[in-house]
Amino acid sequence: MQGTVDGFSYGLVTPVAAYLMACLGGALGLRCTTRSVRNRRSFKPGWLALGATAIGSGIWTMHFVAMMGFTVAEAPISYDRTTTFASLAVAIVMVGIGIFIVGYRGATPMALVTGGTITGLGVATMHYLGMAGMRLDGQLEYDTLTVALSVVIAVVAATSALWAAVSVHGFLASLGASLVMGIAVSGMHYTGMAAVSVHLHTAAGSAGGDEPATLLAPMLVGPVVFLLLAGVVVMFDPLLVMGEPDWRPLDAAAMRPGVPAQRTRTANGQPTAWAADRSPRREPSRSRQGSRDRWPR
């Protein structure tokens with residue numbers, strides 16, 4: 001018996017909320033990765049780890065916010081706690097591997113392809129591992145071609161996100177990249193959900209695991225709080241928000257009218273203009289030097 005599947009039981013509430021979570025995690029992760037790449041004085045492993053955790057938490061939160069709207073009319077749905085937590089760990093670890101590859105190797109084609117593939121496979125693994133944590137009186141079945149399409153979308157989205165993290169530096173450009181990343185992640189999720197069909201068991205039985213209200217809501221609180229705290233870190237770091245400026249303001253004294261510009265000096269104390277003048281100087285002639293020596297003092 002086939003179950004009646006509905007992925008939008010709350011209307012547009014869950015898709016919009018899930019999309020915002022994906023955009024928030026993507027924006028924080030992109031800015032943290034940009035900070036680690038552009039500022040060599042920063043603690044690169046720390047910023048990359050924060051970015052990986054932000055992106056992984058955002059994608060995982062997006063998935064389960066969207067899953068709150070997924071219902072099967074003929075059977076109640078619950079979730080296995082261990083499998084659900086494991087999907088969060090997989091998301092953070094595999095996204096972290098891809099981000100560290102690009103963070104240390106740069107935007108080379110090999111680094112982007114390798115990191116994007118690992119990150120995309122991590123996103124897809126998180127999705128289908130989270131689906132494996134569902135408990136209902138039936139069996140989930142998947143369409144192979146649609147699943148393959150969802151994995152391709154995940155890999156392309158992850159590669160594009162990593163490229164944006166190391167190549168896009170302006171605030172507005174990064175904001176646009178995070179919005180596109182949210183669309184890609186949401187598209188991957190709902191493409192994967194379109195591949196799902198439920199074959200219900202004929203014999204009545206109770207599904208094991210926890211109810212969604214007792215499992216998903218408390219689990220979503222932790223990642224959401226983390227994303228908000230990461231957002232506070234970004235807000236209090238102007239360089240992380242706006243990016244490193246391409247120009248530097250002049251000295252305050254140099255900008256005041258009537259104050260001459262200070263002449264810079266080299267290491268040996270000579271003015272820069274003197275040090276730059278490398279033209280050979282003529283020595284005084286011997287006749288003039290001799291007359292100067294005979295001049296009475």
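Over the ring of which residue does the charged end of Lys-44 sit? That ring belongs to Tyr-104, and the charged end of Lys-44 lies 5.4 Å from its centre. The model is predicted; its mean pLDDT is 77, with 71% of residues at 70 or more. Searching the whole structure gives five aromatic pairs, and Tyr-104 takes part in one of them, with Phe-100.

**Aromatic pairs**

- Phe-100 and Tyr-104 are stacked, with ring centres 6.1 Å apart and planes at 20° to each other.
- Both residues belong to helix α3 (residues 81-105), and because they are four residues apart, about one helical turn separates them.
- In an α-helix there are 3.6 residues a turn, so residues three or four places apart point the same way.
- Phe-100 has a relative accessibility of 30% and therefore counts as partly exposed.
- Tyr-104, at 48%, is likewise classed as partly exposed.
- Tyr-128 and Tyr-142 form an edge-to-face pair, 5.6 Å centre to centre and with 75° between the planes.
- This pair joins distant parts of the chain, since Tyr-128 lies in helix α4 (residues 109-132) and Tyr-142 in strand β5 (residues 138-142), 14 residues apart.
- Tyr-128 counts as buried at 18% relative accessibility, whereas Tyr-142 counts as partly exposed at 33%.
- Trp-60, Phe-64 and Tyr-79 are linked into a cluster by ring pairs.

**Helix α3**

- The 25 residues of α3 should span 36 Å at 1.5 Å a residue, and the C-alpha atoms at its ends are 37 Å apart, so the two values agree.
- Buried residues of α3 include Thr-83, Thr-84, Ser-87, Leu-88 and Ala-91.
- Further along, Val-95, Gly-96, Gly-98, Ile-99, Val-102 and Gly-103 are also among the buried residues of α3.
- Where α3 starts, a side-chain oxygen of Asp-80 comes to within 3.4 Å of the backbone nitrogen of Thr-82.
- Just after α3, Gly-106 has a positive phi of about 85°.

**Confidence**

- Helix α4 has the highest confidence, at a mean of 92, and helix α9 (residues 252-255) the lowest, at a mean of 43.
- The pLDDT is below 50 over residues 241-257, a stretch with 16 contacts in the model beyond near neighbours in sequence.
- Residues 271-277 also stay under 50, and the model has eight contacts for them beyond four places in sequence.
- Where pLDDT is low, the predicted coordinates should not be read in detail.

Key:
Residues are numbered from 1 along each chain as its sequence is written. This is a predicted model: local features need pLDDT of at least 70, side-chain atom pairs count only at pLDDT 80 or more; totals for chains, interfaces and linings use all residues. Side-chain values use heavy atoms; hydrogens and water are left out. Rings of Phe, Tyr and Trp (its six-membered ring) pair if their centres lie within 6.5 Å; planes under 30 degrees apart count as stacked, over 60 as edge-to-face and the rest as tilted. Helices (H or I, at least four residues) and strands (E, at least two) are DSSP runs, numbered from the N terminus. Buried means under 20% relative accessible area, exposed over 50%, partly exposed in between (1.4 Å probe, protein chains only). A charge sits over a ring if NZ of Lys or CZ of Arg is within 6 Å of the ring centre and within 35 degrees of the ring normal. pLDDT is the predictor's confidence in each residue, from 0 to 100. Contact means heavy atoms within 4.5 Å. The expected span of a helix is 1.5 Å times one less than its number of residues. A polar contact is a pair of N or O atoms within 3.5 Å; within protein, one must be able to donate a hydrogen and the other to accept it, and residues adjacent in sequence count only if both atoms are side-chain atoms.
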